[in-house]
Amino acid sequence: VGNPAAGRFASQEIDEAIRVAVSGGTRRRTSFELKRSEGRTVLRVSVRPIRREDGASAIVVVEDITQQRAAEEARNSFVAQAAHELRTPLTNIRLYVEQAIDASDTELEVRAQALNVINNESQRLERLVQDMLSVAEIESGSMSIHAGEVRLAQLLDTVSGEYVAQAKDKHIALKFELPPKLPVIKGDRDKLSLAVHNIVGNALKYTPEGGKVTVRVSWEQDEVRIAVEDSGIGIKDEEQGLIFDKFYRAKDSRIASITGTGLGLTLARDVIRLHGGDIGIKSEVDKGSTFTISLPARAA
């Protein structure tokens, strides 16, 4: 109190705006954005002139809009990533449709291969669109589960079948180690399938050719555990707490060429938590990661 406003913001533009406002030289409000040199803080400074009987004065409002700007950047990044992710399967579908059309009646193997690729890419599109819809539910706080009976053995068998081709293409040994009997739990089958898909899909995506991904399932009295272990690139200790944040992607340079929206783990954890469980992680750079889904044997 009592100190001059000039110099407080380290901005000549703001100093000038305050000077003009208190001198009665303008009736307009002016706004500025400042990026603090330390950290990523973004401030919005608004200078509003006030007319009074005893002279002119000004109100200076300072708002921290760091989170708003970060959200905008994340949203723009998501749109760009989503557009890229959509373009790739759509292009593949178009190319293989043309190949299937051009194949002669005797080229049954070529046509079968094309149809297989089209099927896989359409499923990939379906999962991406589902991710987008689920993000909208998370943002609005309206994500909920529609509980019913979920046969885990069937769910995992479906996941296995959908990733066999991808694992084969990358020469990755994909194994599902299941106990002889698994419980029927209560939950939302579609959302649980989405969560498991995202965890297994990530393991395959970030495991180099020739690696291995193993899905181990254990069942105790009141808990089911699905552990997805890979021999991939691993995650740094300081990033393991961030990878579940929306739009976050690890800073490892090796994933720069791997497309992704940074939503899979966020959605997976939210879905599992809605079912009363959680997801844990153990990882070591260059040795691999293990994501463990824990679910109540009778999820609500």
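**Close-up views of a predicted model**

Figure 1. Not counting residues up to four places away in sequence, Ser283 touches Gly234, Ile235, Asp237, Gln240, Gly288 and Ser289. The structure shown here and in the other figures is a predicted model. Ser283 belongs to strand β9, which spans residues 278–284. Its relative accessible area is 15%, so Ser283 is buried, the cut-off for that class being under 20%.

**Figure 2. The loop between β9 and β10, with Asp286.** Asp286 is placed in the loop that joins β9 (278–284) and β10. Its phi is near 70°, a positive value in a residue other than glycine. Most residues other than glycine have a negative phi. Is Asp286 buried or exposed? With a relative accessible area of 54%, Asp286 is exposed.

**Figure 3. Buried residues of helix α1.** Helix α1 covers residues 12–22, and within this helix Ile14, Ala17, Ile18 and Ala21 are buried. These four residues lie on the same side of α1, because they cover an arc of only 95° around the axis. An α-helix has 3.6 residues a turn, so residues three or four places apart point the same way. Which strands are among the elements that cover the buried residues of α1? The cover includes β1 (30–35), β2 (42–52) and β3 (55–64). Just after α1 comes Gly24, with a positive phi of about 80°.

**Figure 4. Ala6 in the segment before α1.** Ala6 is found in the segment that precedes α1. At a relative accessible area of 57%, Ala6 is exposed. Ala6 and Glu16 are ten residues apart along the chain, and 8.5 Å separates their C-alpha atoms.

**Figure 5. Glu121 in helix α3.** Helix α3 runs over residues 108–140 and contains Glu121. The relative accessibility of Glu121 is 11%, so this residue counts as buried. Which residues does Glu121 contact, leaving aside its neighbours within four places in sequence? Glu121 is in contact with Pro89, Asn92 and Ile93. For Glu121 and Pro89 the sequence separation is 32 residues, and the C-alpha to C-alpha distance is 5.2 Å.

**Figure 6. Asp188 between β6 and α5.** Asp188 sits in the loop that connects β6 (184–187) with α5. Its relative accessibility of 5% is why Asp188 counts as buried. A polar atom of the Asp188 side chain lies 3.2 Å from the backbone nitrogen of Asp190. With residues up to four places away in sequence not counted, Asp188 touches Ser144, Ile145, His146, Ala147, Val150 and His275.

**Figure 7. The loop between α4 and β5, with His171.** His171 is placed in the loop between α4 and β5 (173–177). Although His171 is not a glycine, it has a positive phi of about 55°. At 57% relative accessibility, His171 counts as exposed.

Figure 8. How many cavities of 30 Å³ or more does a search of the whole structure find? The search finds one. About 30 Å³ of space lies in the largest cavity. Its lining consists of Leu152, Leu155, Leu192, Val196, Ile226, Ile272, Ile293 and Leu295. By residue class, the lining has eight nonpolar residues, no polar and no charged.

**Figure 9. The protein chain as context for the close-ups.** The protein chain has six helices and ten strands. Of its 300 residues, 39% count as buried; the buried residues include Ser283, Glu121 and Asp188. Among contacts in the protein chain with a separation of 6 or more, 62% come from residues 24 or more positions apart.

Technical notes
Residues are numbered from 1 along each chain as its sequence is written. Side-chain values use heavy atoms; hydrogens and water are left out. Buried means under 20% relative accessible area, exposed over 50%, partly exposed in between (1.4 Å probe, protein chains only). Helices (H or I, at least four residues) and strands (E, at least two) are DSSP runs, numbered from the N terminus. The arc is that of the directions from the helix axis to the C-beta atoms. Contact means heavy atoms within 4.5 Å. On a 1 Å grid over the protein atoms alone, a cavity is a set of points where a 1.4 Å probe fits but cannot get out, and a pocket is an open set with protein on both sides within 12 Å along at least five of seven lines; lining residues have an atom within 4 Å of a point. Grid points are joined across faces, edges and corners, and a volume is the space filled by probe spheres set on the points. Ala, Val, Leu, Ile, Met, Phe, Trp, Tyr, Cys and Pro count as nonpolar, Asp, Glu, Lys and Arg as charged, and the others, Gly among them, as polar. A polar contact is a pair of N or O atoms within 3.5 Å; within protein, one must be able to donate a hydrogen and the other to accept it, and residues adjacent in sequence count only if both atoms are side-chain atoms.
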